[in-house]
Every structure is written in C-alpha cells, then in structure tokens.
Amino acid sequence: MSVIYILLSISIIVAIVFFIAFITAVKSGQYDDSYTPSVRMLFEDELVKEQVKPSIKPKKD
C-alpha cells in the first residue's frame with residue numbers, strides 16, 4: 001500500500017514540473033507565431049474571394 005503513495009506523490013511532482021515548464025515556455029514566447037503575420041498578406045486575396053457571396057442577378061425575359 002505504501003508503494004501506491006510513493007508512486008502517486010512522484011507522479012504529482014512530475015506533473016507539477018511539466019506544468020511549470022509549460023507556463024515558463026508560454027511566458028517566454030516559445031509558442032508565439034512569428035511566421036504567419038509575415039505571409040498573411042500573400043494569402044489575403046484568396047480569403048476575400050471565399051468570403052464574398054455571389055450576387056443573384058434577376059433574369060431578363
């Protein structure tokens with residue numbers, strides 16, 4: 001039974017260490033996207049074309 005307490009405490013400590021490492025990486029800017037804003041202007045035309053809905057033209061008799 002004491003082995004379960006030891007394994008549980010070790011797993012909680014490892015989880016806390018990984019959580020602290022994740023928070024540190026987020027605060028230091030590790031996951032910031034610096035590539036997408038520089039190429040966004042290259043793909044802007046394609047996005048605008050997809051968003052524009054075609055207008056319905058009335059039929060002429």
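Buried residues, meaning those under 20% relative accessible area with a 1.4 Å probe and protein chains only, make up 3% of the 61 residues in the chain. The model is a predicted one, in which local features need pLDDT of at least 70 and side-chain atom pairs count only at pLDDT 80 or more, while totals for chains, interfaces and linings use all residues. Residues are numbered from 1 along each chain as its sequence is written, and side-chain values use heavy atoms, with hydrogens and water left out.

The secondary structure comes to two helices and zero strands, where helices (H or I, at least four residues) and strands (E, at least two) are DSSP runs numbered from the N terminus. Helix 1 has 26 residues, which at 1.5 Å a residue should span 38 Å, and its end C-alpha atoms are 38 Å apart, which agrees; the expected span is 1.5 Å times one less than the number of residues. Just after helix 1, Gly29 takes a positive phi of about 90°.

Within helix 1 (residues 2-27) lies Ile23, which is partly exposed, between the buried limit and the exposed one of over 50%, because its relative accessible area is 31%. Phe22, at 42% relative accessibility, also counts as partly exposed, whereas Tyr31, at 56%, counts as exposed.

Rings of Phe, Tyr and Trp (its six-membered ring) pair if their centres lie within 6.5 Å, with planes under 30 degrees apart counted as stacked, over 60 as edge-to-face and the rest as tilted. By this rule there is one aromatic pair. The rings of Phe22 and Tyr31 have centres 6.0 Å apart and planes at 45°, so the pair is tilted.
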